[in-house]
Amino acid sequence: MASAYQVRSLVNSAIGSHLGNYNLPDGSTSPALWVRGQQQVPKDWTISGIECVIDEVPEMVNQPTLSQAVFLSTRWPIYLTSYDTAKTLAEVRELLFQWFPDIQDPVHVAQTDISFETLKVFIPDYSIQPERS
Amino acid sequence: MATPKKLDTSALDKAIAKATEGLVNRLSAEYTKEISSAKWDWPDGSQRDIVDTGRLRASQTVRQVSDSKYEFSWPVEYAAQVHEGAKLKGGGEWPARPWTRTALENVDSKKYFETILRRELSG
C-alpha cells in the first residue's frame, strides 16, 4: 500500500500545474495540495484557484473470500474544489482520469449561487510486489 | 424415457417481484428515517437532522426502471451539496450528510430480500 505522501506526489504530477495556491498570512503562497489528517488547512489561510485535498487515511474494505485469505481493498479519497468561479474542474477531471483510468465513484457537483464546484473521486491502491531473484 | 417437463418460473418471478417491492419499500422508509434523524454533525458542534424546509425529504422519488431495477432520486437543486457537503461562497461549509450511504449500511438488503423471497416461495 502506498503512503498518503506517495499518493500526493502522484496527484501532484498529474494535476499540480493546474492547482491554485494557499495564501498565508505572511504574504507567502504554497500550492493548494493538502494531505488532511492530523492537520487541517489553517483557518487563516485563504485559497485561490483549485484546491486538492487527500485524506491521510484511505478507505479500506475487507472483501470476503472463500478461504481465510484476507483481501483488503484500499482506495484514497481525493477532493477538488474550484474557488475560482470562472474556472471549472473539467480539465483537471480529465487529467485525473487519464492518469488514473481506474478511478472510482466520481461525484462532480456543479457550482451554484451559494457553493463552489467540487469533485470527489477515489483512487484505488494496488500493491506492486518487486520481482524476486 | 420420461418426457422433459417445462419449468414453470411464474411462481419464482412473482416471488422476486414481491421481494423487490418489499425491499424498495424498506429502503424508502430508511432513507426518510435517515434524513429525519438528528444524527448529523454540524460545524457548531450540534447534531441535526437534514430537514430545514422539508423539500428535500418530500422530494424523495422512486421510479421502476425495469422488473428488477428501481431508482431513488431527490430532485431538489441542492440535494448533491447536502449529500456530499459543500464549500460555501460566503465562507464556511456544509459537512457531507450522506443519507443514502448510511441507509444502505443500516439495512441488510440481501437478507431482507432473501427473507421475503423464501416466505413467498414456501407459500
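A residue is called buried if 20 or more other C-beta atoms lie within 10 Å of its own, exposed if 12 or fewer do, and partly exposed in between, with the C-beta atoms placed from the backbone. By that criterion, 11% of the 123 residues of chain B count as buried, and in chain A buried residues make up 24% of 133. The legends below describe a predicted model, in which local features need pLDDT of at least 70 and side-chain atom pairs count only at pLDDT 80 or more, while totals for chains, interfaces and linings use all residues. Residues are numbered from 1 along each chain as its sequence is written, and chains are lettered from A and ligands numbered from 1 in the order in which they are written.

**View 1. The elements and outline of chain A.** Chain A has two helices and nine strands, where helices (H or I, at least four residues) and strands (E, at least two) are DSSP runs numbered from the N terminus. Read from the N terminus, the elements of chain A follow the order α-β-β-β-β-β-β-β-α-β-β. Along the principal axes, the C-alpha atoms of chain A fill a box of roughly 55 × 30 × 25 Å. Two residues are in contact if their C-beta atoms, placed from the backbone, lie within 7 Å; among contacts in chain A between residues at least 6 apart in sequence, 52% join residues at least 24 apart. The mean pLDDT of chain A (the predictor's confidence in each residue, from 0 to 100) is 89, and 94% of its residues reach 70 or more.

**View 2. The largest nonpolar core.** A nonpolar core is a set of buried Ala, Val, Leu, Ile, Met, Phe, Trp, Tyr and Cys residues joined through C-beta atoms within 7 Å. The largest such core holds 21 residues, of which Val11(A), Cys52(A), Ile78(A) and Leu80(A) touch the most other members. Two or more residues of this core come from each of α1 (4-15), β3 (33-36), β5 (50-55), β7 (71-82) and β9 (117-125) of chain A. Leaving aside residues up to four places away in sequence, Leu80(A) touches Ile50(A), Cys52(A), Leu89(A), Val92(A), Thr118(A) and Leu119(A). A second, separate core has seven residues, among them Leu23(B), Ile35(B), Trp99(B) and Ala103(B).

**View 3. Strand pairing around β7 of chain A.** Two strands are said to pair if DSSP finds at least two bridges between them. β7(A) and β9(A) pair in the antiparallel sense over nine bridges, and here the bridge partner of Trp76(A) is Ile123(A) in β9(A). An antiparallel pairing over five bridges also links β5(A) and β7(A), with Ile54(A) standing opposite Ile78(A) in β7(A).

**View 4. Strand β6 of chain A.** Strand β6 (residues 59-63) of chain A lies largely in the open, because the number of its five residues that are buried is zero. Five bridges join β6(A) to β7(A), and the two run antiparallel. Along this pairing, Glu59(A) has Arg75(A) in β7(A) as its bridge partner, while Gln63(A) stands opposite Phe71(A) in β7(A). Within chain A, confidence is lowest in β6(A), at a mean of 81, and highest in strand β1 (residues 21-23), at 97.

**View 5. The contact between chains A and B.** Nine residues from chain A and nine residues from chain B take part in the contact. On the side of chain A that touches chain B, β8 (104-109) and β9 each supply at least two residues. The residues on this side of chain A divide into four nonpolar, four polar and one charged, where Ala, Val, Leu, Ile, Met, Phe, Trp, Tyr, Cys and Pro count as nonpolar, Asp, Glu, Lys and Arg as charged, and the others, Gly among them, as polar.

View 6. Chain B has five helices and six strands, and from the N terminus on its elements run α-β-β-α-β-β-α-β-β-α-α. The radius of gyration of chain B is 20 Å, well over the 14 Å that the globule rule gives for 123 residues, so chain B is more spread out than a compact globule; the radius is taken over C-alpha atoms, and the rule is 2.2 Å times the number of residues to the power 0.38. Taken along the principal axes, the C-alpha atoms of chain B fill a box of roughly 80 × 25 × 20 Å. Gln64(B) has its place in strand β3 (residues 61-66) of chain B, and counts as exposed because it has 12 C-beta neighbours inside 10 Å. Gln64(B) and Val24(B) are 40 residues apart in sequence and, C-alpha to C-alpha, 9.8 Å apart in space.
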